[in-house]
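The following exercises concern a single protein chain.

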Amino acid sequence: MAYATIEDIERSWRSVADYEREHVEQMLDDAALWLDAQVERSGKDPEAFAASHPDVMRFLSCNLVRRACGELDPTGAEAQWSVLTEPTAQAFTPAVVRGDFYLTKWERGLIGAGCGRAGFSPGADG
């Protein structure tokens, strides 16, 4: 069950084209599943946390989807082109982080998972 809707994405970011809707809906479902795992790793019951903090879960879901699409790039870097000396060799190196879900330090604090790297919490030994 997603914590945010396409309408939430549209209010916080941009319009979602018809051809993107199915993909964005799936990403919202995936973001909810991923967030549940992060909340559980922080020692909380995901269902109870989501019930008591629906706005936090909606906010984080929207950010995860936007970031996975490349909109919330923390580096502010632009994609780069490289042209090699051979006549037809060109390489494109995206400098933008895309695809993976992760939480910033501030966002981890919202779910009470303040230690470890973004989206990572140490095991019982750490």
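**Exercise 1. An arginine in a helix**

Arg 108 has a relative accessibility of 7% and counts as buried. The model under study is a predicted one. Task: determine where Arg 108 is placed, explain why it counts as buried, and state how far its C-alpha atom is from that of Leu 60.

Solution. 
1. Arg 108 is placed in helix H5, which covers residues 105-110.
2. The term buried applies under 20% relative accessible area. Arg 108 stands at 7%, and therefore it is classed as buried.
3. In sequence, Arg 108 and Leu 60 are 48 residues apart, while their C-alpha atoms are 9.5 Å apart in space.

**Exercise 2. The elements of the chain**

Task: state how many helices and strands the chain has, and give their order from the N terminus.

Solution. 
1. The chain contains 5 helices and 2 strands.
2. Read from the N terminus, the order of the elements is α-α-α-α-β-β-α.
3. Of the 126 residues in the chain, 34% are buried.

**Exercise 3. The nonpolar core**

Task: identify which residues touch the most other members of the largest nonpolar core, and which helix supplies the largest share of this core.

Solution. 
1. The largest nonpolar core has 26 residues, and Leu 35 and Ile 111 touch the most other members.
2. At least two residues of this core come from each of helix H1 (6-12), H2, H3 and helix H4 (54-68).
3. H2 supplies the largest share, with 8 residues.

**Exercise 4. Salt bridges**

Task: state how many salt bridges the structure holds. Then describe the pairs Asp 8 and Arg 11, Glu 20 and Arg 14, and Glu 107 and Arg 67.

Solution. 
1. The structure holds 6 salt bridges.
2. Asp 8 and Arg 11 form a salt bridge with an N to O distance of 2.5 Å. Both residues belong to helix H1 and are 3 residues apart, about one turn of the helix. Asp 8 has 11% relative accessibility and is therefore buried, whereas Arg 11 has 64% and is therefore exposed.
3. In the salt bridge of Glu 20 with Arg 14, the closest N and O atoms are 2.8 Å apart. Glu 20 counts as buried because its relative accessibility is 15%. Arg 14 is partly exposed, because its relative accessible area is 31%.
4. The side chains of Glu 107 and Arg 67 also meet in a salt bridge, at 2.8 Å from N to O. This pair links distant parts of the chain, with Glu 107 in helix H5 and Arg 67 in helix H4, 40 residues apart. Both residues of the pair, Glu 107 and Arg 67, are buried.

**Exercise 5. Acidic residues and exposure**

Task: name the residues that form a negative surface patch, and classify Asp 30 and Glu 47 by accessibility.

Solution. 
1. The negative surface patch consists of Glu 22, Glu 25, Asp 29 and Asp 30.
2. Asp 30 is located in helix H2, residues 21-41. Its relative accessible area is 33%, so Asp 30 is partly exposed.
3. Glu 47 belongs to helix H3, residues 46-52. With a relative accessible area of 65%, Glu 47 is exposed, the cut-off for this class being over 50%.
4. Glu 47 and Asp 36 are 11 residues apart along the chain, and their C-alpha atoms are separated by 7.8 Å.

Conventions: Residues numbered from 1 in each chain as written. Predicted model: local features only at pLDDT ≥ 70, side-chain atom pairs only at ≥ 80, totals over all residues. Heavy atoms only, no water. Helix = DSSP H or I, 4+ residues; strand = E, 2+ residues; numbered from the N terminus. Buried < 20%, exposed > 50% of the residue type's maximum accessible area, 1.4 Å probe, protein only. Patch = residues over 30% accessible without salt bridge, like charges linked within 9 Å, V, L, I, M, F, W, Y side chains within 5 Å. Areas by Shrake-Rupley, 256 points an atom, 1.4 Å probe, with all protein chains shown as cover. Salt bridge = Lys/Arg side-chain N within 4 Å of Asp/Glu carboxyl O. Lys, Arg positive; Asp, Glu negative; His and termini not counted. Charge placed at Lys NZ, Arg CZ, Asp CG, Glu CD. Core = buried A, V, L, I, M, F, W, Y, C linked by side-chain atoms within 4.5 Å.
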